[in-house]
Amino acid sequence: MGRRKMEAGIHRDLEDRLGYAGYLGLDRILGAQQPLSDPPHHDEMLFIVQHQVAELWMKLIIHELEAAIASMRADRIEPCFKVLARVKLVQQQLFHQWGVLETLTPAEYARFRHVFGQASGFQSMQFRLLEFLLGNKDKDSLVVFRHDAAALERLQAALEAPSIYDEFLRLLARRGLPVPPERVTRDWSEPCDSHPGVVAVFKTIYEDTQRYWDAYDMCEKLVDVEVNFQLWRFRHLKTVERIIGHKRGTGGSSGVRFLRAAIDIRLFPELIDVRTEIE
């Protein structure tokens with residue numbers, strides 16, 4: 001059996017120095033898994049870790065989307081390409097980790113599901129913030145966060161601010177493209193249906209990609225984000241259906257039926273509608 005020798009230059013004395021665990025705050029992260037089942041059920045650890053990891057990935061996506069929004073407000077599209085490419089890969093991580101949770105059988109899950117009380121993923125502040133940043137605005141959902149003043153304040157700010165898609169349209173308007181005025185200035189807390197004037201703008205971009213290359217590239221990266229988001233929703237639905245069937249959700253929702261209703265929510269509708277118009 002081969003053996004790697006400890007190199008002379010490797011730091012050995014880390015007392016009073018910043019090391020790996022300290023930099024990453026591993027004492028807090030690895031101490032945050034506190035199963036509630038009594039006696040402890042083996043699979044509750046999987047359930048906790050799965051959702052904590054998802055929250056960490058969502059934190060990174062939010063960080064990246066906020067950077068992309070800031071770039072577009074400064075009329076800089078190019079930095080968004082790297083950001084959205086990273087978001088796409090993180091979304092793929094979120095998608096594939098459902099496969100880990102699917103190793104949890106209905107019988108195993110039933111033995112500790114009762115310890116959640118009324119806890120539900122619907123109550124995830126970060127997921128709601130992510131949806132707002134992508135343009136799926138729903139002011140009624142804020143009622144769930146009335147008990148948390150800090151979360152409510154952050155969500156309210158995101159609700160009332162332009163989404164990444166709104167900022168893209170505003171940037172295109174500043175460049176002289178005929179984005180309808182009602183899509184440049186409006187009540188940002190309201191979702192938008194597809195507008196034929198926006199479809200026409202995207203048709204211009206897609207039919208002259210050489211002239212509008214960066215805008216064209218941005219369009220396709222936004223479509224990547226939307227498709228991955230829809231795939232994540234669908235995988236979530238199928239994972240829940242596989243584990244609990246059609247039981248009600250712990251947060252009071254109808255469960256699978258509630259999740260299915262979200263599958264067809266469109267984030268950037270004109271970016272899909274324009275495909276019908278391109279010849």
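Which side chain does arginine 183 join in a polar contact of 2.6 Å? Keep that in mind as you start the tour, and remember that this is a predicted model.

**Stop 1: arginine 183.** Select arginine 183, in the loop between helix H9 (164-174) and helix H10 (196-207). Its partner is glutamate 270: the two side chains are joined by that 2.6 Å polar contact. Now color by accessibility: arginine 183 has a relative accessible area of 4%, so it counts as buried, the cut-off being under 20%. Next, show what surrounds arginine 183. Leaving aside residues up to four places away in sequence, it touches Tyr165, Leu169, Trp188, Cys192, Asp193, His195, Val198 and Glu270.

**Stop 2: H3 against H9.** The crossing is left-handed. Show side chains for Leu65, Ala68, Ile69, Met72 and Arg73 in H3, and you will find them meeting Ile164, Glu167, Phe168, Leu171 and Arg174 in H9. By class, this contact has seven nonpolar, no polar and three charged residues.

**Stop 3: H3 against H7.** Keep H3 (residues 44-73) and select H7 (residues 125-134); these helices pack at about 25°, with axes 10 Å apart. H3 and H7 are therefore roughly parallel to each other, and their crossing is left-handed. On the H3 side, pick out Glu55, Met58, Lys59, Ile61, Ile62, Leu65, Glu66 and Ile69; on the H7 side, Gln126, Phe127, Leu129, Leu130, Leu133 and Leu134 make the contact. Here the classes are 10 nonpolar, one polar and three charged residues.

Key. Residues numbered from 1 in each chain as written. Predicted model: local features only at pLDDT ≥ 70, side-chain atom pairs only at ≥ 80, totals over all residues. Heavy atoms only, no water. Helix = DSSP H or I, 4+ residues; strand = E, 2+ residues; numbered from the N terminus. Buried < 20%, exposed > 50% of the residue type's maximum accessible area, 1.4 Å probe, protein only. Polar contact = N/O pair within 3.5 Å; in protein donor to acceptor, adjacent residues only side chain to side chain. Contact = heavy atoms within 4.5 Å. Axes fitted to C-alpha atoms, helices over the stretch in contact; angles between N-to-C directions. Parallel < 35°, antiparallel > 145°, perpendicular 65-115°, else oblique. Left-handed = near helix turned anticlockwise from the far one by under 90°. Nonpolar A, V, L, I, M, F, W, Y, C, P; charged D, E, K, R; others polar.
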